[in-house]
Amino acid sequence: MAKTVVAVAYGGPEVLSVVDTEVPPPGPGEVTIEVRAAGVNPIDYKLYGGYRGNSPDDLPMRLGLEVAGVISEVGTGAAGPAGPLSVGDEVVAYPALGGYAAAITVPASQVVPKPAELSWEQAAGLLLAGATAVHAVAAVEVGSGDTVLVHGGSGAVGLLAVQLSLAAGATVVATASERNQALLRDVGAVAVTYGPGLLDRVRQAAPSGVNAVIDAVGTDEAIDVSLAVVPDLSRIVSIAGFHRLDTGIKLIGHGPGADPGAEIRGNAWRQLIPLAAAGKLTLLPVKAYALTEVAQAHTFLAQGHPNSKLVLIPAR
């Protein structure tokens, strides 16, 4: 048995409970992981909030999509993308459905080695946001000489998209609140504040124009400014602006009309983990909660602008 978070109804964090569940033994091509940390992401609370419907058939709903931990059991032929897996291996799993748990059994195809240079907390919070950033950068084909506008540049996805764009040789203008301007400047971006007058500030920051946009916030302001500075709709991508599907911009993720990008996201670890292990990515600071504090973690995250990556730590 393992402590596991479930949503027993649709609603807010008050519907979350921690229950004991059976951990199925790994079948062929599967492994069981003792979870050391589980990443917390906005999609987690959106799901039990009814983002994809509210069918009672989906209740109780297990939550979580990314974990870091130690393999405790392996099924026959268990090999991940980096090779065979063994008991005792320190690993990261994404996507790991139901990852808010003390232990979880997952397909080995979703499991990759955790580098020693990353803490459990850092490793557990890297791949979902990171894979989204990798997908976004690829979707608008960021390259050397481009000037890229990143909306929400200080968030978990935006900060990684900024750095990946810079690594590709682009100049980056990124939006954030005043208190997060220094973070963006530290990684090499030109920082601008969002809010009234954003279009003028972007044009001033990029006098030669903007070639591509990565929108990590989905506000009307972000999308309207994007449309004003980049006429080529194929070079504007949003991870959250699903209500603006009619504009013709690219949408990625799991919303209506979006490209899920399963292949590129599934392989994003090949780029992200080596960069993070080598200290070449600035990661948000971690804010950790006990697994039993999941409601508090979701309440904090839902307020917006957490300025940190949230993780859950199961008791040992």
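## Around Thr175

Leaving aside neighbours within four places in sequence, Thr175 is in contact (heavy atoms within 4.5 Å) with Leu149, Val150, His151, Gly152, Gly153, Ser154, Leu184, Val192, Tyr194 and Leu198. This is a predicted model, where local features need pLDDT of at least 70, side-chain atom pairs count only at pLDDT 80 or more, and totals for chains, interfaces and linings use all residues. Residues are numbered from 1 along each chain as its sequence is written, and side-chain values use heavy atoms, with hydrogens and water left out.

Thr175 sits in strand β12; helices (H or I, at least four residues) and strands (E, at least two) are DSSP runs, numbered from the N terminus. Is Thr175 buried or exposed? Its relative accessibility is 3%, so Thr175 counts as buried (under 20% relative accessible area; exposed is over 50%, partly exposed in between, with a 1.4 Å probe and protein chains only). The Thr175 side chain also reaches the backbone nitrogen of Gly152, at 2.9 Å.

## β12 and its partner

β12 runs parallel to β13 (residues 190–193), and four bridges join the two; strands pair if DSSP finds at least two bridges between them. Across that pairing, Val173 stands opposite Val190 in β13.

## Two nonpolar cores

A nonpolar core is a set of buried Ala, Val, Leu, Ile, Met, Phe, Trp, Tyr and Cys residues joined through side-chain atoms within 4.5 Å. The largest one has 51 residues, and Leu126, Leu127, Val162, Leu184, Ile214 and Leu272 touch the most other members. Elements supplying at least two residues each include β12 (171–176), α5 (181–187) and α9 (269–277), while α3 gives the most, with nine.

Not counting residues up to four places away in sequence, Leu272 touches Leu126, Leu127, Gly130, Ala131, Val134, Leu164 and Leu281. There's also a second, separate core of 31 residues, with Val31, Ile71, Val111 and Tyr289 among them.

## Helix α10

In α10 (residues 294–302), Val294, Ala297, His298 and Leu301 are buried. Looking down the axis of α10, its buried residues fall within an arc of 95°, so they line one face of the helix; the arc is that of the directions from the helix axis to the C-beta atoms.

The cover over those buried residues includes β1 (2–7), β2 (16–21), α1 (42–48), β17 (286–290) and β18 (309–313). After α10 comes Gly304, with a positive phi near 85°.

Notes: A polar contact is a pair of N or O atoms within 3.5 Å; within protein, one must be able to donate a hydrogen and the other to accept it, and residues adjacent in sequence count only if both atoms are side-chain atoms.
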